[in-house]
Amino acid sequence: MQRTDKERVVAELTERLRTTRTLIVADYRGLSVSELDDLRTELLKHRARFSVVKNTLTRRAAEAAGADALLALLEGPSAIAFLEAEGDPVAVAKALGDVARTTRVLAVRGGILEGSPISAEEVENLAKLPSADVLHAQFVGALAAPLTTVVGIFTAPLRDLVGVLSARIDQLQAQGGGAVEEEREDEPQAEEEPQAEEEETETAPAEEATEPVEEGES
């Protein structure tokens with residue numbers, strides 16, 4: 001690869017790393033071309049681009065972008081699933097996990113979720129979470145549920161992934177939480193009973209009692 005081509009690749013990777021908050025790194029060694037193409041197609045459905053990268057160039061890009069957490073994951077043949085802002089990290093983790101199980105070749109190393117590093121085990125646990133639609137429905141339901149219901153969600157079996165789940169809920173809240181607030185604002189408000197008439201009724205006897213009594217004519 002010519003020097004100009006390397007500089008172009010580094011520049012593109014640097015920009016992508018600066019604008020990507022969530023990504024997952026995997027060792028793709030052993031996957032066939034057709035398997036790679038199938039995986040790319042599946043990940044595109046979830047708004048993620050799966051790119052094979054050169055470690056030396058990616059390290060330079062990571063250093064330039066301030067993505068130091070990525071450096072430890074660049075050992076051996078590397079491919080990165082870059083998620084767009086609207087991408088679903090749960091669906092991407094599920095897709096990568098399915099390929100890892102069926103091919104017994106792909107190996108997930110870890111990644112970055114909303115700017116925070118996550119391990120391979122956390123990516124695996126992320127894949128066990130409900131899909132974005134289900135999680136969104138649970139979150140919306142929890143807004144109107146008693147506090148015990150909300151607590152129940154955060155003490156579920158995956159309590160060791162509280163940080164990951166919280167980050168996912170924050171993302172969903174930013175995308176869809178406003179609609180819930182608007183719905184609440186549209187609810188009819190209870191009419192307030194007029195107070196003026198009641199006060200006037202209650203004070204009327206007092207006013208009558210204070211009227212001066214006219215003396216009879218002698």
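Biologist: On a 1 Å grid over the protein atoms alone, a pocket is an open set of points where a 1.4 Å probe fits, with protein on both sides within 12 Å along at least five of seven lines, and lining residues have an atom within 4 Å of a point. With that settled, how much space lies in the second largest pocket?

Modeller: About 170 Å³, where a volume is the space filled by probe spheres set on the points, joined across faces, edges and corners. Before we go on, this is a predicted model, so to speak of local features we need pLDDT of at least 70, and side-chain atom pairs count only at pLDDT 80 or more, while totals for chains, interfaces and linings use all residues. Residues are numbered from 1 along each chain as its sequence is written, and side-chain values use heavy atoms, with hydrogens and water left out.

Biologist: Thanks! Which residues line that second pocket?

Modeller: The lining is made of Leu17, Arg18, Thr20, Arg21, Leu23, Ala65, Gly66, Ala67, Asp68, Ala69, Ile112 and Gly115. By type there are 6 nonpolar, 3 polar and 3 charged residues. Here Ala, Val, Leu, Ile, Met, Phe, Trp, Tyr, Cys and Pro count as nonpolar, Asp, Glu, Lys and Arg as charged, and the others, Gly among them, as polar.

Biologist: And what is the volume of the largest pocket?

Modeller: It comes to about 250 Å³. Helix 4 gives the most to its lining, with 6 residues, and helix 4 and helix 5 each supply at least two. Among the lining residues are Lys94, Gly97, Asp98, Arg101, Val123, Glu124 and Lys128. The lining divides into 6 nonpolar, 1 polar and 5 charged residues.

Biologist: Let's zoom out. How many helices and strands are there?

Modeller: The chain has 9 helices and 5 strands, read as DSSP runs numbered from the N terminus: helices are H or I with at least four residues, strands are E with at least two. The pattern along the sequence is α-β-α-β-α-β-α-β-β-α-α-α-α-α. Of the 218 residues, 33% are buried. The chain exposes about 13900 Å², with carbon and sulfur atoms supplying 50%; areas come from the Shrake-Rupley method with a 1.4 Å probe, and for residues only the protein chains shown count as cover.

Biologist: What about the inside? Which residues touch the most other members of the largest nonpolar core?

Modeller: Leu39, Leu43, Phe50, Val92, Leu96 and Leu106, out of 24 residues in that core. Helix 4 has the largest share, with 6 residues. A core, by the way, is a set of buried Ala, Val, Leu, Ile, Met, Phe, Trp, Tyr and Cys residues joined through side-chain atoms within 4.5 Å. There is also a second, separate core of 17 residues, including Val9, Leu17, Val25 and Ala62.

Biologist: What is Leu43 in contact with?

Modeller: Leaving out neighbours within four places in sequence, Leu43 has contacts with Ala48, Phe50, Ala81, Val92, Ala95 and Leu96. Contact means heavy atoms within 4.5 Å.

Biologist: And where is Ile24 found?

Modeller: Ile24 is in strand 1, and it is buried because its relative accessible area is 2%. Beyond four places in sequence, Ile24 touches residues including Ile80, Val92, Leu96, Val108 and Val123.

Biologist: Last one: which residues does Glu75 contact?

Modeller: Asn55, Arg59 and Arg109, leaving aside neighbours within four places in sequence. Glu75 is found in the loop between helix 3 and strand 3 and is exposed, with a relative accessible area of 52%.

Technical notes
Buried means under 20% relative accessible area, exposed over 50%, partly exposed in between (1.4 Å probe, protein chains only).
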